[in-house]
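User: I have a protein model open and would like to learn how to read it, feature by feature. Could you walk me through it?
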Amino acid sequence: MKTKLCNATQETIEEAARLLLEGELVAFPTETVYGLGANGMSEDAVAKIFSAKGRPQDNPLILHIADAEDLGALVQSVPDCADALIKTFWPGPLTLVFDASDVIPANVTAGGTTVAIRMPSHPVALDVIRNVGQPIAAPSANRSGRPSPTDAQTVLTDMDGRIPMILDGGSTQIGLESTVLDITRPVPVILRPGFITHDDIQKVIGLVQTSTHLSTGDHIPRSPGQKYRHYAPRAKVRIYRGESAVDTMREHQKILRDAKKTAVLLLFDQDIRKEDRDVLSLGCKENLAEMAHLLYKRLRDADARMADEILVPAVPAQGWGFAIMNRLEKAALEETL
Ligand code: TXA
Ligand code: MG
């Protein structure tokens, strides 16, 4: 199959919608990362997502809608807390998990009783969904296990020949996937941290829990996607903590260089020295949104340089830093659990 990479225009968005209605896959930008879309009401179309990505069948998908009125038909009920969350954070990078209504194809929910739904804020995503007139099932548009794509060219790298069309809407603003919040429980639980933080949510609905496996790593995750090695480049990722992290990174880089291997340093701008080699910027230390925006791109840039290892400093696991560390720790896992 030939993959067309098109600038997102009225015309190409309409063409994308036609393809989606015919049961084909189209990649499109959202404010978080690029999504690999299929008609979310068609089991056959959704099945193509799993084969194009090489995604495990037990990992459910997020349905994307463009209007809050479209929610009612997809869920059993809308819990009290949902209204305030939707008013505050939709459209935007918050995915909510509801009890699923029975119209939803089984492969969207991976056979489970719940369904994840979000309303993206990216105008191209909203236009695509409205033109299709159906919810769009869309995981991140990477091959399973790889870092999510934050620009159209990266989607092409992973999906060339596997899907008919990629809509190019430039590089995505946020760069990490949406926060996933399970609101089917008495106390809502964050299953995947993201740009909308625990504190942001708590301010709106009161008490919120963070799924214990996110911090301890030793519980069976409720969000199936959280159990695999994920977001991972080909190179081995090493995370460095503490005050002397950057010095230790440089020492390790030198040891590898002496052994004729390449380690790429990911460093904040203020830590980069003129004499550093094989170094890529994480932006400014005081603005973790910049690191979130750049992280997946940097992991892939390091792969493009044929790095054996990627050395990266830990950041405080609070606010956006919590989402960043969640992705980094998964990227650094040796293998699937
Ligand atoms: O920002 C995003 O959320 C992007 C863009 C494209 O919208 N999408 C995305 O989808 O990251 P994906 O499939 O790569 O990640 C979805 C996550 C997975 O960890 C999955 O296990 C979890 O959401 N998930 C989906 N449905 C669920 C459900 N019913 N219950 C619990 N977790 C669910
Ligand atoms: Mg993903």
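User: Is Arg 300 buried or exposed?

Analyst: Burial is judged by relative accessible area: under 20% is buried, over 50% exposed, and in between partly exposed, using a 1.4 Å probe and protein chains only. Arg 300 has 11% relative accessibility, so Arg 300 counts as buried. Arg 300 sits in helix H10 (residues 288–304). Helices here are DSSP runs of H or I with at least four residues, strands are runs of E with at least two, and both are numbered from the N terminus.

User: Which residues is Arg 300 in contact with?

Analyst: Contact means heavy atoms within 4.5 Å. Setting aside neighbours within four places in sequence, Arg 300 touches Asn 142, Arg 146, Pro 147, Thr 154 and Asp 158.

User: How far can I trust these details?

Analyst: This is a predicted model, where local features need pLDDT of at least 70 and side-chain atom pairs count only at pLDDT 80 or more, while totals for chains, interfaces and linings use all residues. Residues are numbered from 1 along each chain as its sequence is written, chains are lettered from A and ligands numbered from 1 in the order in which they are written, and side-chain values use heavy atoms, leaving out hydrogens and water. pLDDT is the predictor's confidence in each residue, from 0 to 100. The chain's mean pLDDT is 94, and 94% of its residues reach 70 or more. Over residues 216–220, though, pLDDT stays under 50. Where pLDDT is low, the predicted coordinates should not be read in detail.

User: How do H1 and H5 pack?

Analyst: Axes are lines fitted to C-alpha atoms, for helices over the stretch in contact, and angles run from 0 to 180 degrees between N-to-C directions. For H1 and H5 the angle is about 50°, with the axes 9 Å apart. Angles under 35 degrees are roughly parallel, over 145 roughly antiparallel, 65 to 115 roughly perpendicular, and the rest oblique. H1 and H5 are therefore oblique to each other. Residues of H1 including Ile 13 and Leu 20 meet residues of H5, among them Val 124 and Val 128. In H5 (residues 123–132), the buried residues include Leu 126 and Ile 129.

User: What about the sheet?

Analyst: Strands of a sheet pair through backbone hydrogen bonds, either parallel or antiparallel. Two strands count as paired if DSSP finds at least two bridges between them. Here eleven strands form an open sheet with mixed pairing. The edge strands are S1 (4–7) and S11 (209–210), each pairing on one side only. Strands S5 (residues 94–99) and S6 (residues 114–118) run antiparallel, joined by four bridges.
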